[in-house]
Amino acid sequence: MTDQKKAVVSGAGLVGCLWSVFLAQRGYQVDIYERRGDMRDSTFEGGRSINLAMSTRGWKAMEKAGIRTKIESVAIPMTGRMMHAVDGELTYQAYGEEGQAIYSVSRGGLNRELMNIADESPNVQLHFNQRCRGFDKRTLDLHIEDTKTKERRMIQSPLVFAADGAFSGIRESMRRTDRFNYAQQYLPHGYKELHIPPNPDGTHQIDKNALHIWPRGHFMMIALPNQDGSFTCTLFLPYEGKQSFENLQTDEQVIDFFETYFKDSIPLMPDLLEDFKANKTSSLVTIRCNPWQYKKQILLMGDASHAIVPFYGQGMNSGFEDCTLLDALATKHNEDWSKTIQEFSDTRIKDANAIADLALRNFTEMSDKVGDPMFLLRKKIEKYLHEKYPTDFLPVYSMVTFSHIPYSEALAETKRQDALFDKILAIPNIEEQWNNGVVDQVFEVWKNK
Ligand SMILES: Cc1cc2nc3c(=O)[nH]c(=O)nc-3n(C[C@H](O)[C@H](O)[C@H](O)COP(=O)(O)OP(=O)(O)OC[C@H]3O[C@@H](n4cnc5c(N)ncnc54)[C@H](O)[C@@H]3O)c2cc1C
């Protein structure tokens, strides 16, 4: 489409930085416009202090960017879930096979690392405090606003990649174009981050190689380990209702709530009340839209095109996979961006919608089912089936987390596997006889359907 080899990326977040690295590797001159200041400055304020779970799809992209080893050296493997019952009893459940893990990485640390890699390339120019407010439908020029001076200007680029997050300015312009489909859905839940500090000697207070979950039915708390010995906890709770943020207004209410539902966490969090009051409650949104491109020249990527709830740990991973897939399409089409953008927008949306569905569904799994003995039995049988029939059975969690199988296939498989387990778990006394051949009989019939 262009022989100028120039591109603009809006947003220097996780996806914007990574995609700029990929473009620079192809020899493109990339200008990144970022609304906020430089997060690498010591004076930088803002950004959320969260960690994220990186899994197979994300690692593939890190490898291509050349920073897998560096990120791996500061990532903490979490080999399974550690469930905390109301009475404090702990149950551990591995995520996958021996040696498989998801990895806790610092969101800010990773973003800074990706920004450094982009910045090191002579092909990339970063522009901070520059907000992209949208584009002109006719000329496709971008409206850029200096967030400090409020000065506005128009810029032109033959290629524009919008990686400006769930509330993308470029997507706002697309919303005003004909036949653009858009849907946003907020969960009734919000989330609040809390903090478990390290032991005085810098070690972690609880098992650092697990993702901790306090499942409580329609709400839950989780904790992921940090390198400095601390954990970042996230409380997911409805905004309104009996157990809700609305009903946690006074110190007494907060303490009473934690005493009732998360008693074993109280000694771990000496600053619970201060953190609870100081940290804001944030909302959780799913955004779906279609098409992701405008005139095959402007393309939405990452959260700008598919923001999802965090319960499958796939938001960033899917955004990174966008970069890997788009890059492969650019190769396939010999950098004919018109074809590349068209095919990406046409083929990727079904997978983004699938992971959005899977993530919504996983809230129930994490907050409710993980505490249910029948669910734990299902996981045990899934492991048994996978070990015995590795080519015929892969649990959906592994498809999503430890493979590159398209999300839409994983979603379709969810329905098939649910049907299988409806039959298996209905077998009388299944708890006692699951490994004596009855499961295999049901499986053989299911497999051949
Ligand atoms: C509580 C929580 C937990 C999560 N846990 C996980 C997890 O475990 N694993 C996982 O894979 N994902 C997780 N996610 C999702 C993950 O954080 C996002 O999917 C990911 O950050 C998306 O990256 P992005 O680059 O598309 O958007 P962002 O990270 O939001 O980056 C967008 C960038 O664009 C900038 N920007 C915004 N508007 C403009 C504009 N108009 N002009 C210019 N710049 C602009 C922003 O300042 C920002 O730098 C979690 C999310 C939440 C909320």
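**Close-up views of a predicted model**

View 1. Let's start with a pair: Glu 145 stands opposite Arg 152 in E11. Strand E10 (residues 142–146) and E11 run antiparallel and are joined by 4 bridges. Strands here are DSSP runs of at least two residues (E), helices are runs of at least four (H or I), and both are numbered from the N terminus. Two strands count as paired if DSSP finds at least two bridges between them.

This is a predicted model, in which local features need pLDDT of at least 70 and side-chain atom pairs count only at pLDDT 80 or more, while totals for chains, interfaces and linings use all residues. Residues are numbered from 1 along each chain as its sequence is written, and side-chain values use heavy atoms, with hydrogens and water left out.

**View 2. The open sheet E9-E10-E11.** In that order, 3 strands form an open sheet with antiparallel pairing. E9 and strand E11 (152–155) are the edge strands, each pairing on one side only. From one strand to the next, the twist averages 30 degrees; axes are lines fitted to C-alpha atoms, and angles run from 0 to 180 degrees between N-to-C directions.

View 3. A polar side-chain atom of Glu 34 lies 2.6 Å from a ligand oxygen atom, and a polar backbone atom of Gly 313 is 3.2 Å from an oxygen atom of the ligand. A polar contact is a pair of N or O atoms within 3.5 Å. On its own the ligand has 1,000 Å² of accessible area, of which the protein covers 91% (Shrake-Rupley method, 1.4 Å probe).

**View 4. Strand E8 beside strand E2.** Strand E2 (residues 29–33) and E8 pair in the parallel sense over 4 bridges. The bridge partner of Val 30 in E8 is Val 124. Strand E8 (residues 124–127) has a covered face, Val 124 and Leu 126, and an uncovered one, Gln 125 and His 127.

**View 5. Gly 202 in its loop.** Look for Gly 202 in the loop between strand E13 (181–196) and strand E14 (210–215). Gly 202 is partly exposed, with a relative accessible area of 36% (buried is under 20%, exposed over 50%, partly exposed in between; 1.4 Å probe, protein chains only).

Terms used:
A polar contact is a pair of N or O atoms within 3.5 Å; within protein, one must be able to donate a hydrogen and the other to accept it, and residues adjacent in sequence count only if both atoms are side-chain atoms.
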